[in-house]
Amino acid sequence: MIILPYQIILTVVIGACLAGIACSLIGTFIVRMKLSSLGFCMSHAAFAGSALGLVLHINPLSMAILFSIAVALFLGPLVEKAKLHADVILGIMFSLMLSLGLIFLNFAPETAMSSTAMGILWGSILGMNTSDIINLTILTSLIIVLMILFSKEFKAIMFSRKMAEASGINTRPFYYLLLFLTGITVSLSLKLVGGLLVFALIVNPTSIVCQFSYNIKKIILFSPLCGIVCCLMGILLSFLFDFPVGSSIAIFSSIFFGIAVIFSPKRKRG
Amino acid sequence: MSNHLKYNYIIELSNVDTIYEGEKIPAIRDVNLKIKKGEFLCVIGPNGAGKTTLLETINGLLKHTRGKVNIFGKEIRKFGSSIRKEVGYVPQGFSVSSLMPFLVKDVILMGRFGKIGLFKSASDEDYLKAKEAVKLVEIDGLLKKPIGKLSGGQLQKVMVARALAKDPKILLLDEPFSSLDFKASAEISERISFLHEKKNLTTLMVIHNIPSIPKRCKRIVLINEGMVIQDGPVNEVLNSGSLKFAYKVRK
């Protein structure tokens, strides 16, 4: 078990809570709008960008944001018109981004490879600092404000994008706003959870909550809480067993999901 | 929709083609259609004739590739979203996942979301209109049910209520009776006819089952292979050779 100073623990806990809220809130919309494959590629693009930043000695966060937004701008229009099937996106873009990330890391200086690079891959408790907390606080607040301001539009699009258009909503700006927010969210959560597993924090909490409710308001409300629990429990596992944080969060949230499926009232008869 | 009084036809299509992406042959071609405010019109034709394409071209969900589509005197290409705020649309065979996390009452209110506009939440009037639509379609008992748990017929009724909740000026219905039993079809047909009479609601209905054409419908458009092959009074179209030709009836 690792023993860390109080201040570092506090930074990690606050960071985990913010990442949990931001990722799972975005996840609610990504999952319901069937954009999981695109989001998955964006998270791995963030990983590749971050790795390139490390090699070129450019801020990895800026590069992560740049890469994931670039993927969104490239794939977004193709997915939007259903010209690309989800499996195709996953098969090509996921492997491309992962390969690029690993090649970039291969060129990273040896010292960086030992700590920062591994943090980018699997996440690190020590990766978070005060500026990350400030960035995550701003992002989480922005997501919450936007979700409240445009709750009608997002709900209508989550139900059916075509029917939202038919009711007179111009859905395209909201679609790209969501992709943009996803790009920033995965990039900012990269240090804690790692590029390979950040998507678990986007998909798993909302999928867990969805097992217990048909009410979208409750799902939007409880997904961030579930995200916080997954993050904190993941960090606890990481402290106790010295596991990478990303892996711990992914393992805990997956087990939690399995339990939720078993006890889901949606699957009970009578 | 400030220029409602400035147009001669509420729906006007001139030489319209719509080609799907990746296709060479238009799904509808050279369509000319003029519909006056308050008309009740049915569109008939065999499978794959282009009926749904026509409806989706009219409300701009499908972009036409040639010609002009004007609704309320405005081009759908330029003013699509604002026009659709006044157009109720019931799609054909709409289905949802059984785990879809929305309740029926939420889905019906969503019909008004475009009309409510950005940065505003649903007002008392919005809830009242949604309630009126629910009452009209008689689905009070379904309101708190998850939308994914409804039968095909119930979902169809909900989609009709959603379209009516908008208090539309034009109602586009794509085979609204396809999942309904005989009794429910007759009831919904009666409600739509009632609305048409009461509100002078311009109604365009795609229909497969010719005997189900509502009595208030005075005009039929017959489509075959993407083209309007006959457009006229109900009896004239139904008794014409074009109908037999379109459906390939030999005797």
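Six strands of chain B make up an open sheet, in the order β6-β7-β8-β3-β9-β10, and the pairing is mixed. At the edges you'll find β6 (87-90) and β10 of chain B, each with a single partner strand, so one side of each has no neighbour in the sheet. On average, neighbouring strands here are turned by 15° against each other, direction ignored. Two strands count as paired if DSSP finds at least two bridges between them. Strands themselves are DSSP runs (E, at least two residues), helices are runs of H or I with at least four residues, and both are numbered from the N terminus.

A word on the source: this is a predicted model, where local features need pLDDT of at least 70, side-chain atom pairs count only at pLDDT 80 or more, and totals for chains, interfaces and linings use all residues. Residues are numbered from 1 along each chain as its sequence is written, chains are lettered from A and ligands numbered from 1 in the order in which they are written, and side-chain values use heavy atoms, with hydrogens and water left out.

**Strands and helices of chain B**

Back to the sheet. Its strand β6(B) runs parallel to β7 (residues 170-174) of chain B, and 4 bridges join them. Look for B:Tyr89, whose bridge partner in β7(B) is B:Leu172. Helix α6 (residues 152-165) of chain B packs on this sheet, touching β6 and β7 of chain B, and its direction makes about 175° with that of β6(B). Angles like this run from 0 to 180 degrees between N-to-C directions, using axes fitted as lines to C-alpha atoms, for helices over the stretch in contact. Contact, in turn, means heavy atoms within 4.5 Å.

At β10(B), what does the pairing look like? Strand β9 (residues 219-224) and strand β10 (residues 227-233) of chain B pair in the antiparallel sense over 6 bridges. B:Leu222 has B:Gln230 as its bridge partner in β10(B). The hairpin of these two strands has 2 residues between them, and B:Glu225 takes a positive phi near 45° there.

Chain B has another open sheet, with 4 strands in the order β2-β1-β4-β5 and antiparallel pairing. Its edge strands are β2 (28-35) and β5 (74-75) of chain B, which each pair on one side only. Between β1 (residues 11-18) and β2 of chain B there are 5 bridges, in the antiparallel sense, and B:Leu13 stands opposite B:Leu33 in β2(B).

Which helix lies across β1, β2 and β4 (66-71) of chain B? That's α1 (residues 51-58) of chain B, running at about 120° to β1(B). Helix α1(B) also lies across β3 (40-44), β6, β7, β8 (202-206) and β9 of chain B, at about 155° to β7(B).

**Domains**

Chain B is divided into domain 1 (1-86 + 169-251) and domain 2 (94-167), with bounds that come from an automatic or database domain assignment. Taken over C-alpha atoms, the domain centres are 24 Å apart. In contact across the two are 18 residues of domain 1 and 13 residues of domain 2 of chain B.

**Pockets and cavities**

Rolling a probe the size of a water molecule over the atoms shows where empty space is left. On a 1 Å grid over the protein atoms alone, a cavity is a set of points where a 1.4 Å probe fits but cannot get out; a pocket is an open set with protein on both sides within 12 Å along at least five of seven lines; lining residues have an atom within 4 Å of a point. Grid points are joined across faces, edges and corners, and a volume is the space filled by probe spheres set on the points.

| Space | Volume |
|---|---|
| Largest pocket | about 1,400 Å³ |
| Second largest pocket | about 470 Å³ |
| Largest cavity | about 50 Å³ |
| Second largest cavity | about 50 Å³ |

Why does the largest pocket lie between domain 1 and domain 2 of chain B? Both domains give residues to its lining, so it lies between them. The largest pocket is lined by 40 residues, with A:Glu80, A:Lys81, A:Arg161, A:Glu165 and B:Leu61 nearest its centre.

The largest cavity brings us back to β6(B), which gives the most to its lining, with 3 residues. Among the residues lining this cavity are B:Tyr89, A:Met163 and B:Arg162.
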